[in-house]
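Let's work through a few exercises together. Have the sequence and the 3D view ready, and try each task before you read its solution.

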Amino acid sequence: MDTINNLKSELGGKIANADSMDDLEQIRISALGKKGQITALMKNLSALDPEKRKAAGKELNILKQVISSLLDSKKNDLENISLESRLAEENIDITLPIRPEEIGTIHPISQTTDELISIFGEMGFVVAEGPSIEEDWYNFTALNIPVDHPARQEHDTFYINAKKDDQRMVLRTHTSPVQIRTMQSQKPPIRIIVPGRTYRCDHDATHSPMFHQIEGLVIDKTTHMGHLKGCLIEACRTFFGMDELPVRFRPSYFPFTEPSAEVDIGCSFKGGTLKIGEGQDWLEVLGSGMVNPNVLENCGIDSNEYQGFAFGMGIERMAMLKYGIPDLRTFYESDLRWLKHYGFQPLDIPSLVGRAGL
Ligand code: PHE
């Protein structure tokens with residue numbers, strides 16, 4: 001009995017003083033483990049007389065239960081203490097001001113592209129895309145610009161090494177090759193809008209070796225010049241947000257369209273400042289025309305059955321005019337101050353709802 005009582009107070013004292021989970025585990029092993037003190041006493045029972053064995057066995061079982069429950073409650077206490085100290089350490093100071101959040105902006109080129117896609121999208125155009133590295137045939141020949149054509153010189157082309165079959169690859173000088181790719185792969189009626197990067201070997205304040213264009217193509221049986229005009233007048237007025245914006249079609253020349261027209265919008269340059277939509281001056285914004293029958297035939301489309309129109313414009317130019325961005329080079333400098341100033345919040349595409357004709 002004494003042994004049991006002594007052990008009880010010895011273990012009870014140790015458990016009370018344990019100050020970590022590790023300590024407690026050591027005490028448990030030393031009492032109840034395979035070689036523990038209580039386990040050893042249990043083993044010794046068999047050496048006792050049956051009478052004594054019964055009484056001692058009962059006492060030992062009680063001791064075992066007492067020690068187990070002391071261990072459990074101490075374990076609980078230690079867990080609570082560690083939780084409380086963590087809570088005390090990790091408390092959140094809700095009075096601190098929030099950290100300033102760095103919110104990015106949509107680049108004016110992306111914004112302008114999205115706006116134009118959404119304007120033509122409302123008219124039923126779907127987006128088409130093509131490669132930046134293009135075969136000479138798609139960039140020039142199929143567009144009615146044969147090898148000796150003077151228009152080739154005007155394009156300041158970046159040529160890439162000739163391929164095995166002597167076919168030269170180029171960095172596309174305009175988005176027009178996607179017209180050809182689409183007419184080859186789709187049956188009319190066709191109504192596509194093609195945004196993308198274009199490349200010309202030219203670099204100064206108003207030219208960048210890489211820039212962006214957006215191209216449109218409509219092919220159907222009865223599409224005529226009136227459709228071209230209506231579509232582009234509406235698109236210009238919607239883009240610049242002016243119902244009465246004067247729009248003029250000026251005869252021009254492109255090898256892939258016949259007749260061709262450059263599109264000007266009314267403006268004033270008075271006092272050296274550009275004001276769109278007022279005054280007596282004109283500003284060119286895009287090129288257009290009825291698709292040259294040769295181009296249709298190059299794509300396997302019967303030009304007696306089908307006709308259509310195409311147009312193309314520079315996205316940087318449209319962005320500069322609409323948003324008053326004076327220098328083309330700043331588009332590509334990734335200057336965060338410039339991006340903050342000229343950039344847009346996400347989903348900031350002007351609503352087209354309620355516009356006449358859309
Ligand atoms: N591809 C022409 C250019 O880059 C623009 C254009 C496209 C003109 C379609 C007419 C029709 O200047």
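**Exercise 1.** Is Thr157 buried or exposed, and what is its relative accessible area?

*Solution.* Start with the cut-offs: buried means under 20% relative accessible area, exposed means over 50%, and partly exposed is in between, with a 1.4 Å probe and protein chains only. The relative accessible area of Thr157 is 12%, so Thr157 is buried.

Thr157 sits in the loop between helix 7 (151–154) and strand 3 (159–160). Helices here are DSSP runs of H or I with at least four residues, strands are runs of E with at least two, and both are numbered from the N terminus.

Now look at what touches Thr157. Contact means heavy atoms within 4.5 Å. Setting aside neighbours within four places in sequence, Thr157 is in contact with Phe140, Arg152, Val170, Leu171 and Thr173.

Before going on, a word on the model: it is predicted, so local features need pLDDT of at least 70 and side-chain atom pairs count only at pLDDT 80 or more, while totals for chains, interfaces and linings use all residues. Residues are numbered from 1 along each chain as its sequence is written, and side-chain values use heavy atoms, with hydrogens and water left out.

**Exercise 2.** What span should helix 9 have, and how far apart are its end C-alpha atoms?

*Solution.* Take the rule first: the expected span is 1.5 Å times one less than the number of residues. Helix 9 (residues 225–240) has 16 residues, so it should span 22 Å; its end C-alpha atoms are 23 Å apart, which agrees.

Then pick out its buried residues: Leu228, Cys231, Leu232, Glu234, Ala235, Cys236, Thr238, Phe239 and Phe240. To read such a list, remember that an α-helix has 3.6 residues a turn, so residues three or four places apart point the same way. Just after helix 9, Gly241 takes a positive phi of about 65°.

**Exercise 3.** Which residues of helix 8 are buried, and what do they pack against?

*Solution.* In helix 8 (residues 177–185), the buried ones are Pro177, Val178, Gln179, Ile180, Thr182 and Met183. They pack against several elements, among them strand 2 (133–135), helix 6 (136–139), strand 5 (190–199) and helix 10 (293–298).

**Exercise 4.** Which residues are closest to the ligand?

*Solution.* A residue is near a molecule if one of its heavy atoms lies within 4 Å of it. The ligand is surrounded by 14 residues, and the closest are His174, Ser176, Arg200, Gln213 and Glu215.

Now go through the polar atoms:

- His174 has a polar side-chain atom 3.0 Å from a nitrogen atom of the ligand.
- Arg200 has one 3.1 Å from an oxygen atom of the ligand.
- Gln213 has one 3.0 Å from an oxygen atom of the ligand.

On its own the ligand has 330 Å² of accessible area, and the protein covers 90% of that. Accessible areas come from the Shrake-Rupley method with a 1.4 Å probe; for residues, only the protein chains shown count as cover.

Technical notes
A polar contact is a pair of N or O atoms within 3.5 Å; within protein, one must be able to donate a hydrogen and the other to accept it, and residues adjacent in sequence count only if both atoms are side-chain atoms.
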